[in-house]
Amino acid sequence: MLKVFHCDFHIHTCLSPCAELDMHPQAIVEKALGVNLDIIAICDHNSAENAPYAIKAARGKNIKVFGGMEITSSEEVHVLAIFDSPDSLSSMQKYIYDHLTGKNDEERFGVQAVVNEKGEVEAINEKLLIGATDVALGDLLDNVHKLHGLTIASHIDRESFSVISQLGFVEPGMQFDALEVTPRTGLTQARNKYPELSNYSFVVSSDAHYLKDIGTALTRIMLAEPTLDELKMAFTGKNGRHIME
Amino acid sequence: MDIAAIAKELNLEIRSARDRLENIVTGGYTGDLLSDVMANSHAGDIWITRQVHQNIVAIATLKEHAGIILVNSCEPAKDTLERAKQENVPILVSRLGAFELTGKIYNLLAKDK
């Protein structure tokens, strides 16, 4: 039976240098439950090291957590890559780390904490996660799809790091599964603003960097169950699965 | 001043549309955010950029730029080059960074007036 799921595919953790330290996996899951989200994706900049802990923190609870990343392409376009298999996620992680150089400067950019499901610090990540990979956008999308992941163009209505700000427009051949807009724009306004993108599915996400951001935005999606396959059907409008606009 | 003269003066390497080097350059624009270039550049500009994605060709044709110069010895992506050849958009490559290249072209155009 189909039902409506409340989804937020873009939540950072304290692993992102720009997110607050209170954004550890357990706290995020609790907050997400508190605001009645059914599906969330953990998407830190160029890293998925906190995602497995968030998945663990959600075990036995009434919420589905997907592991993902907000990857920066060589054109400095931000893309959400979301996976349901831990193997795919770790393959993608390895690929991204192989294509990311530089060392983080905590003073300038912030701390990048790997925190487990109990709220304990496991490690401090020293990579320059805020940096750009040297992977071109087209190759990035291909590689995510090869690993059966979903690709969502981040905040296309923002003036920085969006596919439109960096590359001028969304080219018809670009293999995004969906396009994300900020809650400020919202789905209705986005449809008016981007008539040329009518073939794409749109989602709204919180892009939460602070606990208080979680629940400020969500996308309502009709699914049978919270799986990536169901989401793929919804993004293509198949078998009754769809995004509720 | 045409592209050929600028290419000769600044030792630029030509990657596409050799038959369009007589395109007259009336101004220039330097930028890597394609949305900004689309909003603020003008027809006849030579566009100086670090972006190598194929959308640069679309923007250059849309805005009727005289041509594109890639900085820091960056090469156009394969599909960018193919599209530039198809659309007959000159892409050139400079060893200089954007600041220095922009300054030199600015001076060349100022002298030419």
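The exercises below concern helix packing, aromatic pairs, charges over rings and backbone angles in a predicted model.

**Exercise 1.** Determine how helix H3 (residues 55-62) and helix H4 (residues 78-87) of chain B are oriented to each other, and which residues join them.

Solution.
- Step 1: The two axes come within 8 Å and cross at roughly 25°.
- Step 2: Angles under 35 degrees count as roughly parallel, and H3(B) and H4(B) are therefore roughly parallel to each other.
- Step 3: On the H3(B) side, the contact is made by Ile56(B), Val57(B) and Thr61(B). They meet Thr80(B), Arg83(B), Ala84(B) and Glu87(B) of H4(B).
- Step 4: By class, the residues of this contact are three nonpolar, two polar and two charged.

**Exercise 2.** Find the aromatic pairs over all chains and classify their geometry.

Solution.
- Step 1: The structure holds two aromatic pairs.
- Step 2: In the pair of Phe9(A) and Phe235(A), the ring centres are 6.1 Å apart and the planes stand at 80°, so the geometry is edge-to-face.
- Step 3: Phe9(A) belongs to strand S1 (residues 3-11) of chain A and Phe235(A) to helix H8 (residues 228-236) of chain A, so the pair ties together parts 226 residues apart in sequence.
- Step 4: Phe9(A) is buried at 1% relative accessibility, and Phe235(A) is buried at 7%.
- Step 5: For Tyr194(A) and Phe202(A), the centres are 6.4 Å apart and the planes are at 65°; this pair is edge-to-face because an angle over 60 degrees counts as such.
- Step 6: Tyr194(A) is buried with a relative accessible area of 7%, and Phe202(A) is buried with 0%.

**Exercise 3.** Identify which residues lie over the faces of Phe202(A) and Tyr210(A).

Solution.
- Step 1: Over the face of Phe202(A) lies Arg191(A), at 4.0 Å from the ring centre.
- Step 2: Over the face of Tyr210(A) lies Lys212(A), at 5.0 Å from the ring centre.

**Exercise 4.** Locate Asn239(A) and Ala17(B), state the phi of each, and decide whether each is buried or exposed.

Solution.
- Step 1: Asn239(A) is not a glycine, yet has a positive phi of about 50°.
- Step 2: Asn239(A) is in the loop between H8 and strand S11 (242-244) of chain A.
- Step 3: The relative accessible area of Asn239(A) is 56%, so this residue is exposed, the cut-off being over 50%.
- Step 4: Ala17(B), also not a glycine, has a positive phi of about 55°.
- Step 5: The loop that holds Ala17(B) runs between strand S1 (13-14) and strand S2 (27-30) of chain B.
- Step 6: With a relative accessible area of 8%, Ala17(B) is buried, since the cut-off is under 20%.

Definitions and conventions. Residues are numbered from 1 along each chain as its sequence is written. Chains are lettered from A and ligands numbered from 1 in the order in which they are written. This is a predicted model: local features need pLDDT of at least 70, side-chain atom pairs count only at pLDDT 80 or more; totals for chains, interfaces and linings use all residues. Side-chain values use heavy atoms; hydrogens and water are left out. Axes are lines fitted to C-alpha atoms, for helices over the stretch in contact, and angles run from 0 to 180 degrees between N-to-C directions. Helices (H or I, at least four residues) and strands (E, at least two) are DSSP runs, numbered from the N terminus. Angles under 35 degrees count as roughly parallel, over 145 as roughly antiparallel, 65 to 115 as roughly perpendicular and the rest as oblique. Contact means heavy atoms within 4.5 Å. Ala, Val, Leu, Ile, Met, Phe, Trp, Tyr, Cys and Pro count as nonpolar, Asp, Glu, Lys and Arg as charged, and the others, Gly among them, as polar. Rings of Phe, Tyr and Trp (its six-membered ring) pair if their centres lie within 6.5 Å; planes under 30 degrees apart count as stacked, over 60 as edge-to-face and the rest as tilted. Buried means under 20% relative accessible area, exposed over 50%, partly exposed in between (1.4 Å probe, protein chains only). A charge sits over a ring if NZ of Lys or CZ of Arg is within 6 Å of the ring centre and within 35 degrees of the ring normal.
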